Amino acid sequence: MKDGIISWKVAGVALGLLLIVATYLVKPLGVSTQFVVSDAAIAHKVNPEFAENNAYLKKYGEKEDWGVGYGWMLVFGMLVGGGITARIFASKQPEADKGSMPALWKEQFGPSRLKRNLACFGGGVLLLFGARLAGGCTSGHMISGISQMAISSFIFGAVTFAVAIMTAKFLYRNRGI
Amino acid sequence: MTLVIGFLIGCVFGAILFLGGASSYRRIIGTLLLKDMWIMKLMMTAMGVGTLGIYLLDLGNLANLSIKPAYIWGVAIGGAIFGIGWALSGYCPGTCVVGSSEGKTDAIFTLVGALVGAFIFFLAYPALEATVLAPANLGSISLVSVLGIKGIWIAIPFSALLLFLAFFVLKDRYE
């Protein structure tokens, strides 16, 4: 499928250059930690006692760590930058990439939005539980980590892709692919 | 100032992911079904460029490296759980943020699930720490520290390999 607003080559080179700039100015890119920071910020507001006593939250319990820092602003920027670009280039986005109900999913699992959203919610839980256990996600471990040739990131990349490929092949097993 | 830099880098990051189609279900699943290699090629190109640039910076001690520790069990089991979530939703933590910004409700559900997943991890952390996080921790090692030669000499061939795979080896195949 060749259609896209920009090609994978342009996007790949741009992402590589952005990673270099980020590593020069502050540090490599990372996203998943900010879900912890967001949760920690909420926990410290809603139930400070729980937040202070939790062994993991305590690591993010210092004010400078759980407040709005560089990393959190980066993820907030993704929301703003992605949102603005999505509106500017809405007419150029391929039809197949639009909307909340992917055609492939609908063909396989039916038109139920509830089913799609529940699968996404469950998928989201697994994503962040796994990312925190492993210490990073696609951006921190794969893009940034493999670019630094970190051993942990090679392990993460290999296991993640292997399991994700097996899961996808299982979900679409009747398609003979 | 760092906050502004973070915000601007994030804006560009979000824009690249959107424009490059990384928040698209058919692209992600296409790659995981090994049919449409778009995302794989995009990532390999980014890593090829990134590796070379980071270790060029490192020659002048200008790279703020952040090598994650290799605690084998946690990284492998976490990666496996992550992989299931990735294939199920079609998003990763970064692209679900971008998908949400586009107004995709399935991305928003992924985002909320991710916040809950992080919370469940807090609760499980005390039990996980001694069993999977602490043992078999090799520390913050990289190919550079393992091989013990200057980073750029590994970065050049590794980067060339990634770009070669992305541009010449990986091919899309359809029914």
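**Figure 1. The largest nonpolar core of the predicted model.** This core holds 111 residues, in a model that is predicted rather than experimentally determined. The residues with the most contacts inside the core are Leu18(A) and Leu128(A) from chain A, together with Phe13(B), Ile16(B) and Met43(B) from chain B. Helix 3 of chain B gives the most to this core, contributing 12 residues.

**Figure 2. Surroundings of Leu128(A).** Leu128(A) is among the residues with the most contacts inside the largest nonpolar core. With neighbours within four places in sequence left aside, Leu128(A) is in contact with Ser32(A) and Phe35(A) of chain A, and with Pro93(B), Ala114(B), Gly117(B), Ala118(B) and Phe121(B) of chain B.

**Figure 3. Helix 1 of chain A.** Helix 1 spans residues 8-25, which is 18 residues. From first C-alpha to last, the helix reaches 25 Å, close to the 26 Å expected at 1.5 Å a residue. Its buried residues include Trp8(A), Ala11(A), Leu15(A), Leu18(A), Leu19(A), Ile20(A) and Thr23(A). Within chain A, the buried residues of helix 1 pack against helix 9 (138-147). On chain B, they pack against helix 1 (2-19), helix 3 (38-59) and helix 8 (151-169).

**Figure 4. Helix 10 of chain A.** Helix 10 has 21 residues and reaches 30 Å between its first and last C-alpha, close to the 30 Å expected at 1.5 Å a residue. Among its buried residues are Ile151(A), Ile155(A), Phe156(A), Val159(A), Val163(A) and Ala168(A), as well as Ser152(A), Ser153(A), Thr160(A) and Thr167(A). The buried residues of this helix pack against helix 8 and helix 9 of chain A. They also pack against helix 2 (25-32), helix 4 (72-89) and helix 7 (143-147) of chain B.

**Figure 5. The contact between chain A and chain B.** Chain A puts 105 residues into the contact and chain B 108 residues. Several helices of chain A each supply at least two residues of the side that touches chain B, including helix 2 (33-46), helix 6 (70-88) and helix 10 (151-171). The largest share of that side, 18 residues, comes from helix 8 of chain A. By class, the side of chain A that touches chain B has 66 nonpolar, 32 polar and 7 charged residues.

Figure 6. Chain A has 10 helices and 0 strands. Its C-alpha atoms fill a box of roughly 50 × 35 × 35 Å along the principal axes. Of the 177 residues in chain A, 52% are buried. Among contacts in chain A between residues at least 6 apart in sequence, 52% join residues at least 24 apart.

How values were computed:
Residues are numbered from 1 along each chain as its sequence is written. Chains are lettered from A and ligands numbered from 1 in the order in which they are written. This is a predicted model: local features need pLDDT of at least 70, side-chain atom pairs count only at pLDDT 80 or more; totals for chains, interfaces and linings use all residues. Helices (H or I, at least four residues) and strands (E, at least two) are DSSP runs, numbered from the N terminus. The expected span of a helix is 1.5 Å times one less than its number of residues. A residue is buried if 20 or more other C-beta atoms lie within 10 Å of its own, exposed if 12 or fewer, and partly exposed in between; C-beta atoms are placed from the backbone. Two residues are in contact if their C-beta atoms, placed from the backbone, lie within 7 Å. Ala, Val, Leu, Ile, Met, Phe, Trp, Tyr, Cys and Pro count as nonpolar, Asp, Glu, Lys and Arg as charged, and the others, Gly among them, as polar. A nonpolar core is a set of buried Ala, Val, Leu, Ile, Met, Phe, Trp, Tyr and Cys residues joined through C-beta atoms within 7 Å.
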